[in-house]
Amino acid sequence: MNLANLERSFGRRLARVTTNAVVARPGLWRGFRWLMRAQFDRLAPNWDAMRRPEAFAALERALEALPAAPKRVLDLGTGTGLAAFIAARRFPDTEVVGVDLADAMIDQARQRTPLELAERVRFQQADASRLPFKDGSFELVQLANMIPFFDELARVTAPGGHAVFLFSAGPETPIWVPPERLRRELGSHGFTDFADFEDEGGTALLARRGERL
């Protein structure tokens with residue numbers, strides 16, 4: 001195995017170990033944060049080349065199922081902004097905010113923002129476990145291959161709004177949470193009306209936040 005493959009294998013294992021640990025015990029994120037940030041800063045220049053063209057197919061299906069276009073979308077763990085751009089194109093009157101822990105990812109996202117989306121899509125560095133937004137700021141929060149922090153997710157999702165989770169390679173995605181665990185955690189945070197989607201090997205879960213917690 002060459003060095004690049006060794007690094008890729010280590011990165012996948014780190015992502016899965018971190019996800020499992022943090023979903024079970026969110027306080028452990030403090031110990032993993034710097035490792036994940038360093039890894040994604042390093043991967044940022046080549047991130048898009050690592051994505052399959054059809055990686056977001058299940059996300060597209062979930063977005064199609066929304067009952068109405070959201071006014072504001074938060075794309076957590078935005079990376080180079082690919083999922084944020086998908087949301088912006090689908091909802092042409094919607095403001096989209098993409099956040100990522102890795103500064104290098106945010107730099108790439110800003111550089112790659114199409115001119116026709118520049119007025120509605122913005123990116124900023126932020127930690128998903130401590131988001132710099134007011135309660136109920138977004139009608140849609142989307143996470144594409146992203147570790148969920150359920151307290152913050154519920155806090156920033158507007159009552160009656162939605163959250164959507166994409167795992168682009170299904171259970172083979174390095175950052176993956178089993179659907180039964182997602183439903184249990186989301187249910188305990190006031191989400192209902194779960195809907196599952198599959199396409200091109202990816203899976204997505206759509207959930208609606210209740211009017212009250």
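User: Is R183 buried, partly exposed or exposed, and what is its relative accessibility?
Analyst: R183 counts as partly exposed, at 29% relative accessibility. The cut-offs are under 20% relative accessible area for buried and over 50% for exposed, with partly exposed in between (1.4 Å probe, protein chains only).

User: Which residue forms a salt bridge with R183?
Analyst: D196 does, and the closest N and O atoms are 2.3 Å apart. A salt bridge here is a side-chain nitrogen of Lys or Arg within 4 Å of a carboxyl oxygen of Asp or Glu. R183 sits in helix 7 (residues 179-188) and D196 in strand 6 (residues 191-199), so the pair ties together parts that are 13 residues apart in sequence. D196 is partly exposed too, with a relative accessible area of 47%.

User: What do those numbers rest on?
Analyst: This is a predicted model, where local features need pLDDT of at least 70, side-chain atom pairs count only at pLDDT 80 or more, and totals for chains, interfaces and linings use all residues. Residues are numbered from 1 along each chain as its sequence is written, and side-chain values use heavy atoms, with hydrogens and water left out. Helices (H or I, at least four residues) and strands (E, at least two) are DSSP runs, numbered from the N terminus.

User: How many salt bridges does a search of the whole structure find?
Analyst: The search gives 14. One of them joins R122 and E95, at 3.7 Å from N to O. R122 belongs to strand 3 (residues 121-125) and E95 to strand 2 (residues 95-100), so this pair links parts 27 residues apart in sequence. E54 and R52 form another, with their closest N and O atoms 3.0 Å apart.

User: Which residues are linked in a network of salt bridges?
Analyst: That would be E60, E64 and R90.

User: Switching topic: which residues are buried in helix 4?
Analyst: In helix 4 (residues 82-90), the buried ones are A83, A84, F85, I86, A87 and A88. They pack against several elements, including helix 3 (57-64), strand 1 (72-76) and helix 5 (103-111). Contact means heavy atoms within 4.5 Å.

User: And helix 5, which are its buried residues?
Analyst: A104, M105, I106, Q108 and A109. Those residues pack against helix 2 (29-43), helix 4, strand 2 and strand 3.
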